[in-house]
Amino acid sequence: APQDKYHGVPLSYEPDGEDMRPDFLVLPVEAFSPDFKTVYPKYVNFTALRAVGESKNKDFTSGLDQVHRYARGIRRAQPWVHFVVALTVTRSRLALVRGDGSGTERLELALSDGRGCIELIRILLGIALAEGDDLGQSSEVELETKERSCNVSKAKARPPPKAPPAEGHYRESKTTASSSQLYSIPGSLSTHDTSQPVLSSSGLAPHISDASVPSSAAVSSNSKRSYSEIDYGDDAEEDERKPSKKANRTEVPVVAFIPVAVYGRKCLGILFTASSIRGRGTAVFCVVDVEDESRLLALKTSWQDVARVGEQNEVLEKLEESRLEQNTLQQRNPHANLVVPFESFIASRKNETCTTLGAIRAFLDDQLPAFTVENRVLSVSLSELKRPVKYFWGVHDFVRGVRGALLGHRYLTSIGVLHRDISENNVVLARRPGEERGYLIDFDMAKLQEPEKRTVATVRTERETFFIRDADVARSSSPIPSDETKPIKALRTGTISYMSFNVLAGRRHTYFDDMESFLYVVFLFFFSYAGPLSKEELRDADTRGFVQPTGRGRFTHTRSWPNVLEMWSDGRKFYLIGQAKDSSLATRAGVTALLHHPQVKHCLLQNWASGLQAGISSLFLSLWTMFAESRIIPASHLPRTEVMHDQFIDVLDRWLEAFHDTEQEFSNCPFT
């Protein structure tokens with residue numbers, strides 16, 4: 001039980017303002033002294049947490065909200081876990097929560113009678129006897145401990161309580177008094193591999209957390225098993241582009257648990273992790289090829305909806321079939337701008353297929369049809385390692401990368417494959433000059449679907465090019481009525497910030513929606529970063545396989561989005577985000593209003609050198625005007641944008657030619 005409630009627990013990688021100070025923790029045996037009476041403070045960090053919890057006096061709902069945040073913190077720090085266990089307690093109620101790719105499962109107990117208290121003791125015993133896999137750890141990931149140093153946030157001190165709580169009562173709010181020793185354990189619990197259980201003799205009730213959900217036999221009439229979703233969307237973004245505030249932070253030493261081997265391959269570190277509990281929970285590791293140690297690979301794990309696995313397999317089969325056909329005809333490599341996995345398989349857990357409702361929640365096959373939540377299976381794939389966008393060398397390098405990804409998407413469209421998840425994370429760049437500049441990755445959401453045809457009137461009224469060299473030219477407004485269609489319950493696919501307004505409204509996903517997503521990839525890039533990293537940082541990143549060392553914190557060049565765009569990442573506001581994007585693309589005046597918004601202009605001036613301002617403004621106006629005008633046709637107004645690949649690529653080509661003179665001046669390529 002942390003005594004210092006003033007500092008956040010390290011390595012949670014929390015978004016700004018998020019309270020990451022759990023009331024009680026479950027730690028592995030390594031964190032304890034031989035007599036189990038003391039916790040080594042360095043081990044108290046989110047890479048070591050095996051379960052976590054919160055105690056409240058009466059506010060049960062607030063406790064649940066808090067442990068959901070802690071669960072996401074564990075998911076960020078330990079992306080290899082199959083599920084996360086958390087606990088919240090009040091004077092009279094207890095909730096044991098387990099979060100996995102299908103959402104959260106909650107067991108509630110009433111502590112007002114003897115049966116509930118007996119079940120509480122069973123939970124304590126479960127914690128004491130738990131092995132790592134009982135708390136979600138993966139047997140396919142080998143961990144080692146390494147000493148690191150990191151910054152932890154300070155929370156604002158709260159006023160002291162008017163009177164101390166009565167003996168045996170839970171705390172209603174967190175204390176803020178510091179102590180000479182950050183963490184001691186009058187009531188901590190360890191999980192270990194020895195045969196002897198370890199429980200403290202004091203403070204049991206407020207210092208507990210669970211190892212595993214009790215069997216159905218332990219569920220009495222005063223308890224219930226319920227299910228909920230704690231994340232909105234399929235990989236909600238919390239994420240790296242929201243750096244924590246630098247003020248009120250303290251440097252502390254930690255002992256972090258680091259993955260050194262993943263599925264039998266040497267692991268250099270984590271490339272990407274999603275913080276969501278429900279959803280795909282995608283994690284990407286940089287691993288070394290078994291046959292060639294000089295070759296680095298990207299190993300991706302994701303929790304796929306079982307219903308979608310067949311669609312993904314069809315896409316991969318179609319890609320392989322097309323590649324073999326093109327090779328037979330000795331034509332250009334059709335996958336030149338795609339990174340297609342060369343190996344993929346379904347993971348297992350305790351000798352059975354690793355599914356959320358089966359292997360984790362232990363429901364029987366004949367019970368599954370009755371559930372409204374999706375059943376998810378852990379999918380693993382291997383592909384060539386490329387350079388993530390955050391390691392861009394310069395603006396021109398990024399634009400060329402997007403152009404390459406567009407070429408890859410055009411090829412997918414030509415063979416009847418719809419990607420459905422265009423985002424910055426799914427665009428990658430070449431590792432060396434002279435290679436293909438950009439690639440499209442990740443086919444988890446892809447499906448076979450013939451491309452939609454354009455509206456005939458749009459084709460007739462199309463202009464030769466949409467490239468605009470001078471971004472200060474005023475333009476007239478051609479209004480387009482707002483779409484009155486209400487959002488329907490439909491399966492939205494993609495990453496929230498990059499979804500088209502058409503998809504956000506719940507309509508059918510087409511390749512035109514993917515094209516609009518590319519617009520947001522380009523646009524949001526300039527608010528996510530303030531120029532590239534230095535040449536030294538970029539060279540070092542390439543050497544270590546682009547993994548981020550544990551404890552280093554967020555990248556120095558990442559920035560928060562302005563408030564006017566921040567809403568775009570809020571998964572609870574699908575309809576409002578769609579309305580905002582629709583409004584910006586509904587008229588030329590809407591485009592001007594967005595691009596000339598004071599916050600937008602201020603961020604661009606703050607983030608980018610003055611020599612790049614004209615080029616960025618030109619790129620913005622050209623692309624946004626192209627998408628807005630694709631909706632304006634005689635006698636009708638389209639409820640979606642209809643931009644073609646060649647139009648988008650033409651704008652990028654003309655932009656690269658018009659502003660080529662600034663490329664070398666503002667490039668940090670470490671290989672030139």
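This is a predicted model: local features need pLDDT of at least 70, side-chain atom pairs count only at pLDDT 80 or more; totals for chains, interfaces and linings use all residues.
The protein chain contains 15 helices and 23 strands. Of its 672 residues, 57% are buried. The accessible surface of the chain amounts to about 28,300 Å², and carbon and sulfur atoms account for 50% of that area. When contacts between residues at least 6 apart in sequence are considered, 77% of them join residues at least 24 apart.

An open sheet is formed by 3 strands, arranged in the order 17-19-20 with antiparallel pairing. Strand 17 (387–388) and strand 20 (438–440) are the edge strands, each of which pairs on one side only. Between strand 19 and strand 20 the antiparallel pairing extends over 3 bridges. Leu429 has Gly438, in strand 20, as its bridge partner. Helix 5, which spans residues 395–414, lies across strand 17, strand 19 and strand 20. Relative to strand 20, helix 5 runs at about 40°.

The loop between strand 18 (417–418) and strand 19 (427–429) includes Asp421. Because the relative accessibility of Asp421 is 2%, this residue counts as buried, the cut-off being under 20%. A polar contact of 3.0 Å links the side chain of Asp421 to the side chain of Thr495. Apart from neighbours within four places in sequence, the residues in contact with Asp421 are Arg280, Asn426, Asp442, Met445, Gly494, Thr495 and Asp514.

Helix 9 covers residues 535–543, and its buried residues are Leu538, Ala541 and Asp542. These three residues lie on the same side of helix 9, because they cover an arc of only 100° around the axis. In an α-helix there are 3.6 residues a turn, so residues three or four places apart point the same way. Glu536 and Thr543 are exposed and are found on the other side of helix 9. After helix 9 comes Gly545, which has a positive phi, near 75°.

Terms used: Residues are numbered from 1 along each chain as its sequence is written. Side-chain values use heavy atoms; hydrogens and water are left out. Buried means under 20% relative accessible area, exposed over 50%, partly exposed in between (1.4 Å probe, protein chains only). Helices (H or I, at least four residues) and strands (E, at least two) are DSSP runs, numbered from the N terminus. The arc is that of the directions from the helix axis to the C-beta atoms. Contact means heavy atoms within 4.5 Å. Accessible areas come from the Shrake-Rupley method with a 1.4 Å probe; for residues, only the protein chains shown count as cover. A polar contact is a pair of N or O atoms within 3.5 Å; within protein, one must be able to donate a hydrogen and the other to accept it, and residues adjacent in sequence count only if both atoms are side-chain atoms. Two strands pair if DSSP finds at least two bridges between them. Axes are lines fitted to C-alpha atoms, for helices over the stretch in contact, and angles run from 0 to 180 degrees between N-to-C directions.
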